[in-house]
Amino acid sequence: MTQRASPSISTRKQPKQARATELVTAILQAAAQVLASEGAQRFTTTRVAERAGVSVGSLYQYFPNKAALLFRLQSDEWRQTTELLCGILEDIGKPPLQRIRTLVHAFIRSECEEAAVRGALNDAAPLYRDAPEARESRARANRTVQLFMREALPDVADSVCLRVSDLIRTTLSSVGADFSESPRTGAEIEAYCDALADMFCAYLKSLGHRG
């Protein structure tokens, strides 16, 4: 049996002029809105074009199908999350435990603010999980967290640092997704972030952090 080819997820062309860039921005903003309101299953290029106020033909100049649009939203989310994590953990001007607290608050707040879009993107994520962009984001995040752990726990074995890195990344991702499923007040988010940061800080201290 001949295997069906998967739809292209690459953009047709990159915008080079200001007007084209504005068009692509409008399309992506509309795509995020449609995804949040309709979900991945009801997400279509026609709905996106209508929301953006452009023709489907204009949309197809840059995105050949809905898979390409979803992938662009997904890869942008990976990039933004990775830049958030790395920017905070690489700020060596602040003590490690302060960076952990800042990271927890920033990450959980981001999860709550963009819960609708993130939830819908998670439905489409299996289609793109092995894409080069996904592997690159994971690799950069892994390196940053591991370097941070080596700084925070200089006297701990590498194997332990790897385990701690994996534990913190997995916990942040899992609890962020679970907590953001329901609407939260600012006070609830603050209290939850403080509690989670306290747990991480206590764990690092128990392993020998003396910052």
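**Close-up views of a predicted model**

**View 1. Glutamate 50 lies in helix H2, which covers residues 45-52.** Helices are DSSP runs of H or I with at least four residues, numbered from the N terminus. The model shown is predicted: local features need pLDDT of at least 70, side-chain atom pairs count only at pLDDT 80 or more, and totals for chains, interfaces and linings use all residues. Residues are numbered from 1 along each chain as its sequence is written, and side-chain values use heavy atoms, with hydrogens and water left out. Glutamate 50 is exposed, with a relative accessible area of 60%. For this label, buried means under 20% relative accessible area, exposed over 50%, and partly exposed in between, with a 1.4 Å probe and protein chains only. Alanine 30 is 20 residues from glutamate 50 in sequence, and the two C-alpha atoms are 8.5 Å apart in space.

**View 2. The buried residues of H2 are Thr45, Val48 and Ala49.** Seen down the helix axis, these residues fall within an arc of 100°, so they line one face of H2. The arc is that of the directions from the helix axis to the C-beta atoms. Among the elements that cover them are helix H1 (18-38), helix H3 (56-60) and H4. After H2 comes glycine 53, whose phi is positive, near 75°.

**View 3. Threonine 45 of helix H2 is joined to tyrosine 60 by a side-chain polar contact of 3.0 Å.** A polar contact is a pair of N or O atoms within 3.5 Å; within protein, one must be able to donate a hydrogen and the other to accept it, and residues adjacent in sequence count only if both atoms are side-chain atoms. Threonine 45 is buried, with a relative accessible area of 9%. Leaving aside residues up to four places away in sequence, threonine 45 touches Leu59, Tyr60, Asn65, Lys66 and Leu69. Contact here means heavy atoms within 4.5 Å.

**View 4. Helix H8 (residues 158-179) has 22 residues.** From its first C-alpha to its last, H8 reaches 31 Å, close to the 32 Å expected at 1.5 Å a residue; the expected span is 1.5 Å times one less than the number of residues. Its buried residues include Val160, Cys161, Val164 and Leu172. The buried residues of H8 fall within an arc of 140° seen down the axis, so they line one face of the helix. Their cover includes helix H5 (96-113), helix H7 (132-152) and helix H9 (186-206).

**View 5. The largest nonpolar core has 31 residues.** Such a core is a set of buried Ala, Val, Leu, Ile, Met, Phe, Trp, Tyr and Cys residues joined through side-chain atoms within 4.5 Å. Ile100, Val104, Ile108, Met149 and Leu172 have the most contacts inside this core. At least two of its residues come from each of helix H4 (66-89), H5, H7, H8 and H9. Leucine 172 touches Leu103, Val104, Phe107, Ile108, Leu196 and Phe200, not counting residues up to four places away in sequence. A second, separate core of 29 residues includes Leu23, Leu28, Leu59 and Ala134.

**View 6. A search of the whole structure finds zero disulfides.** A disulfide is a pair of cysteine sulfur atoms within 2.5 Å. For cysteine 161, the nearest cysteine sulfur is that of cysteine 201, 16 Å away. Cysteine 161 is buried, with a relative accessible area of 5%. For cysteine 201, the nearest cysteine sulfur is that of cysteine 193, 12 Å away. Cysteine 201 also counts as buried, at 4% relative accessibility.
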